[in-house]
Amino acid sequence: MTMSGTGDEAAVLTRVEGGLGRIELNKPKAINALSADMVTIMADALQQWKDDPAVTAVLVTGRGDRGLCAGGDIKAIHRAIVEGTSDAVDFWADEYRMNHAISQYPKPYIAVMDGITMGGGVGISVHGSHRIVTETSKVGMPETGIGLFPDVGGTYALARIPHPGVGQHLALTGQPIGPGDAIRYGLADTFVPRDSIDDLAAALAAGGDVDEIIARFAAQPPASQLEADEDWIAACYTGDTAAEVVAALRAHADEAARAAGDLIATKSPLSVSVTFEMIRTAGDMSLADVLERDFRAGSEISAQPDLREGIRAQVIDKDRNPQWSPASLDEVDPALVTAVLSTPQNRKVFA
């Protein structure tokens with residue numbers, strides 16, 4: 001067994017058990033938030049095992065009881081923006097390359113989306129070949145609340161949800177969903193009770209057909225919670241702009257629709273507008289193209305005030321009172337949205 005660092009002090013623990021490559025995120029106090037060094041360790045392990053005949057599958061889990069991964073290390077991103085360094089864009093480039101490598105991995109890549117699985121946690125799971133949820137899973141892309149957008153290829157997955165409007169709803173509100181909804185909307189494949197995960201890992205390490213092994217531990221997932229809202233979601237998310245969507249939600253007879261409209265109105269107006277356009281167009285793009293656009297848009301949006309302000313309000317000062325600029329959806333200049341999405345960058349994720 002090999003570790004990526006010294007004992008339990010490593011941010012990511014990697015080892016081989018039988019024919020199973022194990023990747024364990026090991027920052028439980030931070031809900032395993034991804035940092036640059038963690039991405040490097042993960043990417044290196046995946047590359048090492050890719051052509052290793054002794055490794056037949058990879059299992060990704062997170063230590064602690066709170067979740068697989070709460071997302072990227074946004075404190076580090078805030079620091080990079082404030083200090084004017086390239087650390088944030090360097091991190092995104094490496095992270096997005098890894099996200100794409102996961103989608104192309106030639107061996108079964110099994111991610112256990114236990115507990116909180118958001119943002120970057122979605123990036124290391126939803127693009128894999130086998131996505132497992134448990135009764136504690138909370139899967140979401142909450143980036144509009146910090147002045148960003150669903151990156152890590154999140155818009156690629158959300159745009160492909162076949163139920164009208166649901167991808168936009170999840171992207172704009174940032175609301176997490178449980179295991180039943182994650183499976184219903186194609187963000188996960190299989191429900192396995194949390195207390196069976198260790199036995200599942202042992203069975204995978206012992207070898208055999210991955211699909212058959214997972215099926216042995218699978219159980220009936222909980223019922224979808226969002227299914228009951230699909231009618232008003234389909235009706236309200238048909239506008240040509242995010243402002244029209246919010247207006248439709250706030251005017252709807254269903255209380256849940258009005259609450260969704262009010263929730264979106266608390267998010268960064270620029271981020272909501274950018275995200276709206278991303279979801280509208282990602283369905284016709286490859287994952288590589290979406291990730292390249294994520295990098296371009298991330299580089300541009302980090303130069304705007306909302307990302308710094310959103311992270312400040314959420315995790316630095318924790319006042320939960322961001323002052324967005326522009327302050328409302330009606331004030332967002334469409335030309336700014338176009339610039340965020342389309343301004344060429346000297347640097348690319350994929351050469």
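Visitor: How much accessible surface does the chain have, and what share of it belongs to carbon and sulfur atoms?

Guide: The model is a predicted one. Its chain has an accessible surface of about 14600 Å². The share that belongs to carbon and sulfur atoms is 48%.

Visitor: What percentage of the residues count as buried?

Guide: A residue counts as buried when its relative accessible area is under 20%. Applied to the 351 residues of the chain, this cut-off gives a buried share of 54%.

Visitor: How many helices and strands are there, and why can the chain be called as compact as a globular protein of its length?

Guide: The chain has 16 helices and 8 strands. For 351 residues the globule rule gives 20 Å, and the chain is as compact as a globular protein of that length because its own value is close to this. The C-alpha trace spans about 55 × 45 × 40 Å along the principal axes. The radius of gyration asked about here is 20 Å.

Visitor: Among contacts between residues at least 6 apart in sequence, what percentage join residues at least 24 apart?

Guide: A contact means heavy atoms within 4.5 Å. Among the contacts in the chain between residues at least 6 apart in sequence, the part that joins residues at least 24 apart is 71%.

Visitor: Which residue of β3 stands opposite Ile23?

Guide: Strand β2 (residues 20–25) pairs with β3 in the parallel sense over 6 bridges. Ile23 touches several residues, including Met42, Leu59 and Val60. The β3 residue opposite Ile23 is Val60.

Visitor: Which residue of β4 stands opposite Val60?

Guide: β3 also pairs with strand β4 (residues 109–113), in the parallel sense over 3 bridges. In β4, the residue opposite Val60 is Ala111.

Visitor: What is the handedness of the unit made by β2, helix α1 and β3?

Guide: Helix α1 covers residues 36–50. Together with β2 and β3 it makes a β-α-β unit that is right-handed.

How values were computed: Residues numbered from 1 in each chain as written. Predicted model: local features only at pLDDT ≥ 70, side-chain atom pairs only at ≥ 80, totals over all residues. Heavy atoms only, no water. Pairing = 2+ DSSP bridges. Helix = DSSP H or I, 4+ residues; strand = E, 2+ residues; numbered from the N terminus. Right-handed = clockwise from strand over helix to strand, strands pointing away. Rg over C-alpha atoms; globule rule 2.2 N^0.38 Å. Buried < 20%, exposed > 50% of the residue type's maximum accessible area, 1.4 Å probe, protein only. Areas by Shrake-Rupley, 256 points an atom, 1.4 Å probe, with all protein chains shown as cover. Lists of a residue's contacts leave out its neighbours within four places in sequence.
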